Amino acid sequence: MRPLLLTLLLLLPAAQLAARAAPDFKIEIGGQNQTLLELSHRGPVYLDFWASWCGPCRRSFPFMNQLVADYGPRGVTVVAVNLDVDREDAAKFLRQFPANFPIVYDPEFALADAYGVGGMPSSYLIKDGEIVQTHIGFRPGDADATRTTLDNLLTQEPQEK
């Protein structure tokens, strides 16, 4: 049953899910430890799972750098989670495709399992601790959908808590 589900998920260009809680974890940004939950309460977080062997990841890194340039000043944070077992594989990839955003290493797949990652890359758009959009793979339409969702999230009135 699981391979069938994975195949179906990979065929979806962009999966819109009912909001669900995003598993929290610590991220070091600028020498300070923060949590994903803290970041997501300040603004949307684009969380991307990737690996050095992932072909589409070579196209997603320039997109994520552009998200930082275009949306960072508006409060959006981009975080990428690397799933390579050998950290040197990730380092080689990053020398070729530099990242202007924090990288978290998850060689034991604890975060990937918590998020239910089913393909590479997998991205999650998170706001106020909730996953509001998910993409598996990386296609040009995914970039457009992410930008549209970010624009909508950034123009919404803050909700009282």
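## A walk around a predicted fold

Visitor: Which residue in S8 is the bridge partner of Leu-125?
Guide: Start with strand S7 (residues 122-127) and strand S8 (residues 130-136), which run antiparallel. Six bridges join these two strands. In S8, the partner of Leu-125 is Gln-133.

Visitor: Why does the pair of Trp-50 and Phe-93 count as tilted?
Guide: Ten aromatic pairs turn up in a search of the whole structure. For Trp-50 and Phe-93, the ring centres are 4.7 Å apart. Planes under 30 degrees apart would count as stacked and those over 60 as edge-to-face. The pair is tilted because its planes are at 35 degrees.

Visitor: How many residues apart in sequence are the parts that this pair ties together?
Guide: Trp-50 belongs to strand S4, while Phe-93 belongs to helix H4. The pair therefore ties together parts whose separation in sequence is 43 residues.

Visitor: Which residues lie closest to the centre of the second largest pocket?
Guide: This pocket holds about 200 Å³ of space, and 14 residues line it. By class, the lining has eight nonpolar, three polar and three charged residues. Closest to the centre are Leu-83, Phe-109, Ala-112, Val-117 and Met-120.

Visitor: What is the phi of Phe-109?
Guide: Phe-109 is found in the loop between S6 and H5. Although this residue is not a glycine, its phi is positive, at about 65 degrees.

Visitor: What is the omega of the peptide bond that joins Met-120 and Pro-121?
Guide: Pro-121 lies in the loop between helix H5 (110-115) and S7. The bond that joins Met-120 to Pro-121 is cis. Its omega is about -20 degrees.

Visitor: Which residue in the hairpin of S2 and S3 takes a positive phi near 60 degrees?
Guide: Strand S2 (residues 26-29) and strand S3 (residues 32-35) pair in the antiparallel sense over four bridges. Lys-26, for one, has Thr-35 in S3 as its bridge partner. The hairpin has two residues between the strands, and the residue with that phi is Gly-30.

Terms used
Residues are numbered from 1 along each chain as its sequence is written. This is a predicted model: local features need pLDDT of at least 70, side-chain atom pairs count only at pLDDT 80 or more; totals for chains, interfaces and linings use all residues. Side-chain values use heavy atoms; hydrogens and water are left out. On a 1 Å grid over the protein atoms alone, a cavity is a set of points where a 1.4 Å probe fits but cannot get out, and a pocket is an open set with protein on both sides within 12 Å along at least five of seven lines; lining residues have an atom within 4 Å of a point. Grid points are joined across faces, edges and corners, and a volume is the space filled by probe spheres set on the points. Ala, Val, Leu, Ile, Met, Phe, Trp, Tyr, Cys and Pro count as nonpolar, Asp, Glu, Lys and Arg as charged, and the others, Gly among them, as polar. Two strands pair if DSSP finds at least two bridges between them. Rings of Phe, Tyr and Trp (its six-membered ring) pair if their centres lie within 6.5 Å; planes under 30 degrees apart count as stacked, over 60 as edge-to-face and the rest as tilted.
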